[in-house]
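Please read the following briefing on one predicted protein model next to its sequence and 3D structure. The points are grouped by topic.

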Amino acid sequence: MTTKVFIDGEAGTTGLQIRDRLIRRADIELVQIDPDLRKDADARKAAFAAADVAILCLPDAAAKEAVALSADLDVRIIDASTAHRVNPDWAFGLPELSPDQADRIKTARYVANPGCYSTGAIALLAPLVKAGLVPADHPISINAISGYTGGGKGLIADFDSGEAPAAFIYATGQTHKHLPEIVEYCGLDRMPIFVPSVGNFAQGMAVQIPLHLSDLPGDVGMGQIHAALARHYEGADHIRVCPIEDQDSRIVPTALNGSNDLEISVRGDAETGRVVLIAVLDNLGKGASGAAVQNLDLMIGTFADRDAA
Ligand SMILES: NC(=O)C1=CN([C@@H]2O[C@H](COP(=O)(O)OP(=O)(O)OC[C@H]3O[C@@H](n4cnc5c(N)ncnc54)[C@H](OP(=O)(O)O)[C@@H]3O)[C@@H](O)[C@H]2O)C=CC1
Ligand SMILES: CC(=O)N[C@@H](CCC(=O)OP(=O)(O)O)C(=O)O
């Protein structure tokens, strides 16, 4: 039996990539909508009614509207937007967050995909806070560089037209929309300082968290930080922790483009405890479309279980 999937916002940056990932799959049937009616409430409601799962690749307001439109229908939702990420009625779509998170996603009606920067920051920090190595109130700084597709059609147009500078730093006012989900799912009591930037490359990103280990309680070493992360992600299909022996190779934000993978490096000087944790991922892969398909696959597993029962 095929699963019927409606991608609401299919013509956008995230939607197109999800479509590319699903179009050739024999177990998926895409529910199509007339492109001219893509913002028409009745046409979208009919598409929701025809689908088993809908993936929302829309601005926040349109995503909320989609949830209202489909509330009384038998359709499960994956939302790529920021609208529902810290809503307790939604499962957070990072299956590697904890041992039971994948099961939560499998059975949820509503799944909220993490943001691209958040995926990197949470992957780096949440296991360390949970292990008690980084206190919840520790002063955390997060620096990141993203490819310009992270800004959707608008930013892509700026770079395509040559109007954008080679790189820029933004959101320095500390109100970036990913901060609430980073605080929530890392288990932090204190808002980090977050400094994102964009470079003149289409996709890929690196998220960096510097740590002075001497500021952490106890006598935490770089090896302990690496071991805690390696233990947390042991057996994960899409998150790898690089060997600690590699301290010299360049870290390249575009290295995982086209994949649904995320790679963690623990770099620094073990002697002085000046360490930087780095996550590399494709903002359109594990940071958006790849993650949505990973969550869809978990949810389809639920359908398969139900059909087999
Ligand atoms: N790009 C990225 O790296 C990531 C994006 N996201 C999130 O995914 C969502 C989509 O982002 P992205 O793909 O980048 O954005 P885009 O701007 O590239 O695409 C958004 C799409 O939604 C459509 N749309 C807008 N309003 C409506 C509406 N009311 N009804 C139906 N369709 C509508 C747009 O159509 P039209 O152009 O015709 O207006 C467009 O096709 C956003 O919430 C974004 O924050 C999440 C993770 C990463
Ligand atoms: C480069 C760029 O502009 N990036 C976007 C975040 C991309 C992303 O993850 O978007 P969602 O949170 O909507 O999922 C930004 O900083 O707003």
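Helix H1 supplies the largest share of the shell around ligand 1, with three residues. Helices are DSSP runs of H or I with at least four residues, strands are DSSP runs of E with at least two, and both are numbered from the N terminus. The model is predicted, so local features need pLDDT of at least 70 and side-chain atom pairs count only at pLDDT 80 or more, while totals for chains, interfaces and linings use all residues. Residues are numbered from 1 along each chain as its sequence is written, and chains are lettered from A and ligands numbered from 1 in the order in which they are written.

**Ligand 1**

- There are 26 residues around ligand 1, and Gly9, Gly12, Thr14, Ser81 and Gly152 come nearest. A residue is near a molecule or strand if its C-beta atom, placed from the backbone, lies within 6 Å of it.
- At least two shell residues come from each of helix H1 (13–22), helix H3 (60–69), helix H6 (152–160) and helix H9 (285–308).
- The shell around ligand 1 holds nine nonpolar, 13 polar and four charged residues. In this scheme Ala, Val, Leu, Ile, Met, Phe, Trp, Tyr, Cys and Pro count as nonpolar, Asp, Glu, Lys and Arg as charged, and the others, Gly among them, as polar.
- Ligand 1 lies between domain 1 (3–113 + 288–308) and domain 2 (116–283), because both domains give residues to its shell. The domain bounds come from an automatic or database domain assignment.

**Ligand 2**

- Ligand 2 is surrounded by 13 residues, of which Gly115, Cys116, Ser146, Gly150 and Gly151 are the closest.
- Sorted by class, the shell around ligand 2 has four nonpolar, eight polar and one charged residues.

**The two domains**

- The protein is divided into domain 1 (3–113 + 288–308) and domain 2 (116–283).
- The centres of domain 1 and domain 2, taken over C-alpha atoms, are separated by 26 Å.
- In the contact between them, 13 residues come from domain 1 and 22 residues from domain 2. Two residues are in contact if their C-beta atoms, placed from the backbone, lie within 7 Å.
- On the side of domain 1 that touches domain 2, H9 gives the most, with four residues.
- That side of domain 1 divides into six nonpolar, five polar and two charged residues.

**The parallel sheet**

- Six strands form an open sheet with parallel pairing, in the order S2-S1-S3-S4-S6-S5. Two strands pair if DSSP finds at least two bridges between them.
- Strand S2 (28–30) and strand S5 (91–92) are at the edges with a single partner strand each, so one side of each has no neighbour in the sheet.
- Strand S3 (residues 53–56) pairs in the parallel sense with strand S4 (residues 76–79) over four bridges, and Val53 stands opposite Arg76 in S4.

- Strands of a sheet pair through backbone hydrogen bonds, either parallel or antiparallel.
- Strand S12 (residues 262–269) is largely enclosed by the rest of the structure, because seven of its eight residues are buried. A residue is buried if 20 or more other C-beta atoms lie within 10 Å of its own, exposed if 12 or fewer, and partly exposed in between, with C-beta atoms placed from the backbone.
- Strand S11 (residues 239–241) runs parallel to S12 and is joined to it by three bridges; the partner of Val241 in S12 is Ile264.
- S12 also pairs with strand S13 (residues 274–281), in the antiparallel sense over eight bridges, and the partner of Ser265 in S13 is Ile278.
- S12 and S13 form a hairpin with four residues between them, and Gly273 in the turn has a positive phi of about 70 degrees.
- In strand S10 (residues 205–212), six of the eight residues are buried, so S10 is largely enclosed by the rest of the structure.
- S10 pairs in the antiparallel sense with strand S7 (residues 141–147) over four bridges and with S13 over eight bridges.
- Met205 in S10 stands opposite Ser146, and its bridge partner in S13 is Leu281.

**Whole protein**

- The C-alpha trace of the protein spans about 60 × 55 × 35 Å along its principal axes.
- Buried residues make up 47% of the 309 residues.
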